Amino acid sequence: MKTYPTYILTRLGQFVLVVFIGINIAFIVTHSTPIDPVEQSIAAATQYGSTSPEAIALMRQSLKELYGLQGGLADQYFAFWRRILLGDFGPSLSAFPTPVSVLVGRALPWTAGLLLSSTLLTWVLGNLLGGLAGYYRQSRALRFAGILAMAFHPIPYYVVAFVLLIVFGYLWPILPLSGGYGMNMTRALSWGFIGSVALHSILPVLSLALVGLGGWFMGMRSLVSNIVTEDYVAYAELGGVKRSRILASYVMRNALVPQVTGLAMSLGAIFNGAIITEQVFGYPGVGTLLVSAVYAGDYSLVLGITTVSIVAVSLAVLLIDLCYPLIDPRVRAR
Amino acid sequence: MGRTLLDLLRFNRQFASGAALLLIVAAYACLSFFSPYAPNDTYVAPPDVPPDWTYLMGTTSRGQDLFWLLSFAIRNTLAFGLAVAVLSRLLALAIGLVAGYSGGLLDRALMSLNDTFIVIPLFPILVLFYFVMRDRMSWGLLALMMACLGWAYDARLIRSVAMSLRHREFTETGIFSGMSMRQILVEEHLPYVLPIVFSTTMNNINWSIGLEVTLSVLGFTDINTPTIGVLLYWANQHTALVSGIWWWIFFPVLLVVMTFIGLFLLAVSMNEYIDPRSRLGRRAP
Amino acid sequence: MTSPVLAVSDLRAYYRTSAFGVQREVRAVDDVSLAIQPGEIYGLAGESSSGKTTLIKTIANAIQPPLQVLAGSVLFDFAGQRFDIHALRPRELAAIRWKHLSYIMQGSMNVLNPVRRVRQTFVDFAFRHIGRPLPEFLDVVRQHLQRLHLEPQVLEAYPHQLSGGMRQRVTIALATVCRPQFIIADEPTTALDVVVQKGVLGMIHEVQRALGSSILFVTHDMAVHANLSDRLGIMYAGRIVEEGRTADVFRAPRHPYTTHLIGSLPHLGDAAPKQGLPGAPPNLADPPPGCRFHPRCPRASDLCRRDVPALETDASGHRVACFHPATESVAESIS
Ligand SMILES: Nc1ncnc2c1ncn2[C@@H]1O[C@H](COP(=O)(O)OP(=O)(O)OP(=O)(O)O)[C@@H](O)[C@H]1O
Ligand SMILES: [Mg+2]
């Protein structure tokens with residue numbers, strides 16, 4: 001058992017470790033290439049249009065630093081870190097001279113919104129249905145829901161999104177397929193705009209939810225079918241405690257504890273899914289940005305998105321970890 | 001372990017149907033060895049022929065017979081999944097067993113590392129990897145990279161089993177009789193963790209194939225080795241869907257979904273087998 | 001004689017499992033009959049896996065698969081009303097539970113919900129029976145906790161913040177706060193150290209006297225029975241083999257198994273360690289024919305190997321199921 005402050009400190013330490021190792025992996029990966037990445041990037045970035053020589057010189061400078069190619073390995077390493085800590089990835093090559101941070105900052109809210117809504121929806125619904133299915137094992141409707149949820153679960157995000165695109169794009173075109181909001185809309189805080197954003201998010205959220213639902217469903221169902229055999233549940237039944245109370249406060253409430261941990265642990269995977277789903281539906285988030293950055297050969301943007309993703313996901317995990325004691329009074333060591 | 005699998009096959013419908021699905025997929029993959037074409041042959045058949053008796057699955061816009069091409073693709077995809085699974089199994093087993101067995105500080109350090117790899121979003125890193133490798137990106141390199149990044153979830157499971165084994169009698173007997181840690185882990189503990197290794201292997205194959213498909217569809221791999229994802233990539237390049245060449249997309253997706261569901265069913269039924277409490281089905285009539 | 005609060009007759013409950021096509025039947029409770037009077041503490045003794053927990057679970061209608069009741073009845077008499085506990089509808093059952101019939105579970109360490117404060121647990125279990133507004137209800141609970149020497153602050157604690165002994169006392173308080181007529185207690189003190197155990201037993205006794213309840217008290221610890229129980233039933237392999245007033249059973253045990261149980265109690269000044277009973281308790285999935293004790297019995301005859309001895313009652317109300325029961329002198333010489 002740990003006290004609250006030690007718990008917080010360990011979680012903070014873990015957060016720092018995740019960021020540290022993540023960034024190091026990024027550094028190693030960028031240094032694993034045998035090609036001269038700077039010249040290649042510049043060639044790729046300039047092949048589409050004429051860029052002024054000064055711009056190319058600027059690019060070369062920031063690229064060299066970003067790739068960490070100036071000075072010895074140690075210098076390179078520290079220069080790399082400095083850039084990252086300052087959040088300064090230089091100008092984007094494909095959208096020169098807009099800084100990478102601006103592009104990422106513009107895309108991040110879309111991804112965050114998409115992730116938040118789909119994850120919340122999926123987690124709540126999956127846990128609710130899974131919990132009920134674990135408690136009322138003989139219910140046919142719930143068993144059917146389980147089969148349905150599980151059928152989608154093993155299929156990768158890309159395939160599900162793609163199939164949805166086919167279904168709603170070609171067979172039954174009722175939903176907008178692409179973009180974050182209507183083409184003719186101006187970005188303003190009006191009902192029309194919000195409605196359009198909501199409408200455009202239906203398919204991406206749906207494909208994320210379809211894949212995610214099965215996991216939470218199964219996890220919760222098996223947790224609940226274990227928890228119903230716990231002494232405190234049997235005892236509450238013996239005590240004539242109301243069924244609804246037992247289900248909510250004894251069974252589900254206890255099963256939620258590991259599910260919160262599970263949420264923190266699967267955030268990375270969910271993020272992967274969001275990236276690819278965005279790309280399929282042309283959603284204006286970091287996923288679409290990342291893929292188009294690769295196509296445009298925009299190294300600074302790719303590196304910027306990668307590092308921001310690492311930091312953002314670990315921050316989200318840290319947030320969940322910090323909330324964890326609210327749901328588990330024991331604040332157990334993990 | 002062998003007995004267990006046999007029992008599952010006989011008494012567990014999920015397991016049996018999963019095995020059947022995979023058997024079909026595997027048999028189809030084996031057909032590739034009898035293909036009249038080489039995997040990268042193009043324009044050997046008339047393009048865009050819908051499925052008929054000559055071309056069971058139709059042909060692509062690049063003049064390939066989809067039936068044979070797909071057999072290569074699924075073979076490569078399965079091999080890829082297996083390669084990642086085997087490599088990451090070695091890592092997961094080594095780290096999980098050592099952490100669970102030794103406990104203490106080493107365990108804490110390894111699990112910290114483990115949690116780190118669980119949290120880090122791999123997809124952007126793999127994209128970055130492709131970005132710097134470009135044309136040098138190969139099937140094997142990607143498998144290696146994914147194995148190095150994808151062991152963490154399973155190492156945690158293996159560790160929890162290993163931890164429960166640590167205080168069993170045979171471990172202590174082993175220690176007293178002077179067995180080395182490696183001997184104890186390999187000879188005494190490994191058999192106990194095999195069932196869980198089996199189910200995590202299925203999940204891991206699923207995971208790696210899923211990522212591979214995703215990366216290839218975007219063109220972020222070696223697009224000259226046919227895999228399911230690469231097939232879809234070319235289909236997209238030729239806007240197959242818009243031009244109504246549905247079979248170019250339908251059959252690869254069908255096959256890969258069969259694979260996913262098959263693997264998943266094996267993993268799930270095995271998991272249920274491992275956890276006896278969830279088998280009880282207390283409220284079942 | 002007043003009418004008993006609890007009358008169990010010919011109760012039979014088996015665990016029936018089938019795994020991978022193999023059927024198994026564990027005969028954990030076989031033809032058990034007993035009656036418990038108001039205000040009485042009835043002790044149930046027997047070695048591990050003799051079916052004590054199964055019996056009282058069946059009595060409390062806490063039956064979960066694979067356990068099945070095959071025959072017999074369990075009748076309670078609460079305030080002149082008769083209840084066949086296996087025939088009640090769930091709502092009627094919920095109305096009796098805790099108001100008239102409460103239960104202290106074996107391994108009480110895990111019976112409190114780990115994510116719920118003790119106060120909430122008390123509300124869940126007892127609030128609807130006390131029938132007072134919440135603040136008054138909590139006052140009642142606090143006063144009751146004091147009886148068990150617990151501070152009112154425990155109410156705000158989570159179970160993991162309490163020591164084992166405190167948790168045990170909290171469960172006892174929980175089981176007694178509604179002043180039930182009948183309390184079932186399954187090894188409530190086994191996990192505790194001797195000093196705490198003694199205190200807790202004293203408290204149970206105190207509360208029982210204050211409430212006038214009956215208790216069905218299960219433990220394999222004969223010393224506890226000697227101090228606490230009014231009457232004692234001895235269980236062996238799913239059957240009751242002997243039953244009588246505790247003093248009588250201890251003074252003159254008649255079944256050879258009882259003789260052994262009592263003989264195994266350590267006495268001050270014993271020179272040699274006690275001899276164990278040869279053999280192992282039978283496998284209840286495949287019990288021996290005839291008297292289930294015969295393979296380990298020094299007095300077994302062919303009759304014992306063939307027929308099941310009935311539980312006969314003698315003039316003083318002492319019951320024993322044995323073809324060759326000890327007379328008092330034999331009992332002395334064996335022990
Ligand atoms: N859920 C179950 N499924 C199958 N058999 C069971 C189950 N629970 C108990 N049994 C069997 O029923 C028999 C009686 O068990 P029970 O728990 O009633 O014993 P007990 O007398 O309470 O023992 P103890 O003193 O150890 O608590 C044992 O042989 C046990 O193996
Ligand atoms: Mg018991």
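Colleague: Why does Phe27(A) count as buried?

Modeller: This is a predicted model, and in it Phe27(A) has a relative accessibility of 8%. Buried means under 20%, so Phe27(A) counts as buried.

Colleague: What makes Phe27(A) and Tyr77(A) an edge-to-face pair?

Modeller: A search of the whole structure finds 30 aromatic pairs over all chains. In the pair of Phe27(A) and Tyr77(A), the ring centres are 5.1 Å apart and the planes are at 85°. Rings pair if their centres lie within 6.5 Å, and planes over 60 degrees apart count as edge-to-face.

Colleague: Which parts of chain A does the pair of Phe27(A) and Tyr77(A) tie together?

Modeller: Phe27(A) lies in helix α1 (residues 4–30) and Tyr77(A) in helix α4 (residues 73–86), so the pair ties together parts that are 50 residues apart in sequence.

Colleague: Is Tyr77(A) buried or exposed?

Modeller: Tyr77(A) has 19% relative accessibility. The cut-off for buried is under 20%, so Tyr77(A) counts as buried.

Colleague: What kind of aromatic pair do Tyr135(A) and Tyr136(A) form?

Modeller: Their pair is edge-to-face, with 5.1 Å centre to centre and 85° between the planes. Tyr135(A) is at 1% relative accessibility and counts as buried. Tyr136(A) has a relative accessible area of 34%. That value falls between the limits of 20% and 50%, so Tyr136(A) is called partly exposed.

Colleague: How do you know that the charged end of Arg62(B) sits over the ring of Trp234(B)?

Modeller: The charged end of Arg62(B) is 3.9 Å from the ring centre of Trp234(B). Arg62(B) is listed as sitting over the ring. Arg75(B) lies over the face of Phe33(B), at 4.6 Å from the ring centre.

Colleague: Which strands are joined to β3(C) by bridges?

Modeller: Strand β8(C), residues 214–218, runs parallel to β3(C) and is joined to it by 4 bridges. Here Gly43(C) has Phe217(C) as its bridge partner. Strand β9(C), residues 231–236, is also parallel to β3(C), with 4 bridges between them. In β9(C), Tyr42(C) has Arg231(C) as its bridge partner.

Terms used. Residues are numbered from 1 along each chain as its sequence is written. Chains are lettered from A and ligands numbered from 1 in the order in which they are written. This is a predicted model: local features need pLDDT of at least 70, side-chain atom pairs count only at pLDDT 80 or more; totals for chains, interfaces and linings use all residues. Side-chain values use heavy atoms; hydrogens and water are left out. Two strands pair if DSSP finds at least two bridges between them. Helices (H or I, at least four residues) and strands (E, at least two) are DSSP runs, numbered from the N terminus. Rings of Phe, Tyr and Trp (its six-membered ring) pair if their centres lie within 6.5 Å; planes under 30 degrees apart count as stacked, over 60 as edge-to-face and the rest as tilted. Buried means under 20% relative accessible area, exposed over 50%, partly exposed in between (1.4 Å probe, protein chains only). A charge sits over a ring if NZ of Lys or CZ of Arg is within 6 Å of the ring centre and within 35 degrees of the ring normal.
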